[in-house]
Amino acid sequence: MADLKTTYMGIPMTTPLVVAASTISSYIERVKMAEQAGAGALVIRSLFEEQIQFDSLRMDEALSVGEHSYAEATSYFPKLQHGGASEHLMWVEKTRKAVKLPLIASLNAVSLSGWTGYARQLAGTGVDGIELNFYSVAADPARSGAEIERELYDVASAVRAEVKLPVAVKLSPFYTSTVNIAAELDRRGVNALVLFNRFLQPDIDPESESLHNEMSYSTPAELRLPLRWTALLHGRIHADLAVTTGVHSGKDVARALLAGATAVQTAAALLKNGIPYLSTMLRELEGWMEERGYERLDDFRGKLSQKHADDPAVFERAQYVNLLLSQR
Ligand SMILES: Cc1cc2nc3c(=O)[nH]c(=O)nc-3n(C[C@H](O)[C@H](O)[C@H](O)COP(=O)(O)O)c2cc1C
């Protein structure tokens, strides 16, 4: 039987298939099902500093209602403060106690002190690693790409220095030079890069002339974007690579591994088909490996990365014209 064991950012895993940060981690039962189905690890949904700030503001507003009508009202009650991240931290601790599989906490903060402070608190919950989720839309015309990248590096370095746990950075696909950014994060000691975060894309309904911002699940076609960049990076940096977006089958897991991924994350496929589908994906991967005589993942990992592929230029070809010329 094929051996699916791997080590992702220093964490030993029984399989390379990781449950991506999502609502799957909002239910202990689902986390247990993922463990039983053979998940190598599970990423817990992100702790969002913005959400904490928003909730805290709303609580302050609610508490200040009537404050001015009754002068004694404020002095009657002790000063109430928002609990910050405590609810999320308690949830992570509860999840930690419920399962044995490796757990990775995810963080999306706003301020540098938020990134380091919450990372430290998450590290105290007993998780095995931390994924930094840089999910923001660069919509401020006054902020240059260089400035945004510098902030990314500062945050990664500060968190790396703050916690002993392995740290992964989940990147957006919209940087000018993904390879350059990956190399710099690698120099700063980041243990893994997760390619890529998937942004909500608002839509416009011309009938009602209104905006729609519904969450739509990925399709397998979207896997090509992380595949290319994983293939370009494999063997060129020390950090491990994890693919996320568009992984819907065992063959998709094989694709990501052939490109050079150490771990392969999936969310939409499990939300659509149910958590036990994870074991179907693993059986398909095993079947695919056995057909080819692969005994372990290292027998084929990165085989089709740019470094090892017969036609390395494939990954740099950008226009259809090149494709057409090469076929002539
Ligand atoms: C319902 C849902 C919730 C998600 N929540 C998070 C989150 O909290 N943090 C994060 O980094 N990514 C989050 N994601 C993104 C996933 O981790 C993943 O990167 C993305 O869905 C692409 O993978 P997929 O094609 O396998 O769905 C979420 C995705 C879904 C569908």
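Select Y217 first. In this predicted model, Y217 sits in the loop between β10 (210–212) and α8 (224–233).

Together with Y217, they form a nonpolar patch on the surface. The accessible area of L200, M215 and Y217 together is about 320 Å².

**Along to α8 and α9**

From the Y217 loop, move on to α8 (224–233). Show helix α9 (residues 250–259) as well. The axes of α8 and α9 come within 8 Å. They cross at roughly 30 degrees. Angles under 35 degrees count as roughly parallel, so α8 is roughly parallel to α9.

Now show side chains. Which residues of α8 meet α9? They are L227, T230 and A231. On the α9 side, look for R255, A256 and A259.

**Into α7**

Select helix α7, residues 178–187. Its buried residues are T178, I181, A182, E184, L185 and D186. What covers them? The cover includes α6 (145–162), β7 (167–171) and β8 (192–195). It also includes α8, from the previous stop.

Pick out R187 and E184. Both lie in α7, three residues apart, about one turn of the helix. An α-helix has 3.6 residues a turn, so residues three or four places apart point the same way. The side chains of R187 and E184 meet in a salt bridge, 2.8 Å from N to O.

Color this pair by accessibility. R187 is exposed, because its relative accessible area is 59%. E184 counts as buried, because its relative accessibility is 17%. The cut-off for buried is under 20%.

Step just past the end of α7 to G189. This glycine takes a positive phi of about 85 degrees.

Side chains of opposite charge can pair when their charged atoms come close. How many salt bridges does the model hold? The count comes to 14. Three further stops show some of them.

- Select D3 and K5. They form a salt bridge, with the closest N and O atoms 3.5 Å apart. D3 is partly exposed, at a relative accessible area of 29%. K5 counts as exposed, at 56% relative accessibility.
- Select R292 and E291. Their side chains meet in a salt bridge, 3.3 Å from N to O. R292 is partly exposed, with a relative accessible area of 42%. E291 counts as exposed, at 65% relative accessibility.
- Select R143, E147 and E151. These residues are linked in a network of salt bridges.

**Zoom out**

Switch to a surface view. The accessible surface comes to about 17,500 Å². Carbon and sulfur atoms account for 53% of that surface.

Next, color by burial. Of the 328 residues in the protein, 46% are buried.

Finish with the contacts. Take those between residues at least 6 apart in sequence. What share of them joins residues at least 24 apart? The figure is 72%.

Definitions and conventions:
Residues numbered from 1 in each chain as written. Predicted model: local features only at pLDDT ≥ 70, side-chain atom pairs only at ≥ 80, totals over all residues. Heavy atoms only, no water. Patch = residues over 30% accessible without salt bridge, like charges linked within 9 Å, V, L, I, M, F, W, Y side chains within 5 Å. Areas by Shrake-Rupley, 256 points an atom, 1.4 Å probe, with all protein chains shown as cover. Salt bridge = Lys/Arg side-chain N within 4 Å of Asp/Glu carboxyl O. Helix = DSSP H or I, 4+ residues; strand = E, 2+ residues; numbered from the N terminus. Axes fitted to C-alpha atoms, helices over the stretch in contact; angles between N-to-C directions. Parallel < 35°, antiparallel > 145°, perpendicular 65-115°, else oblique. Contact = heavy atoms within 4.5 Å. Buried < 20%, exposed > 50% of the residue type's maximum accessible area, 1.4 Å probe, protein only.
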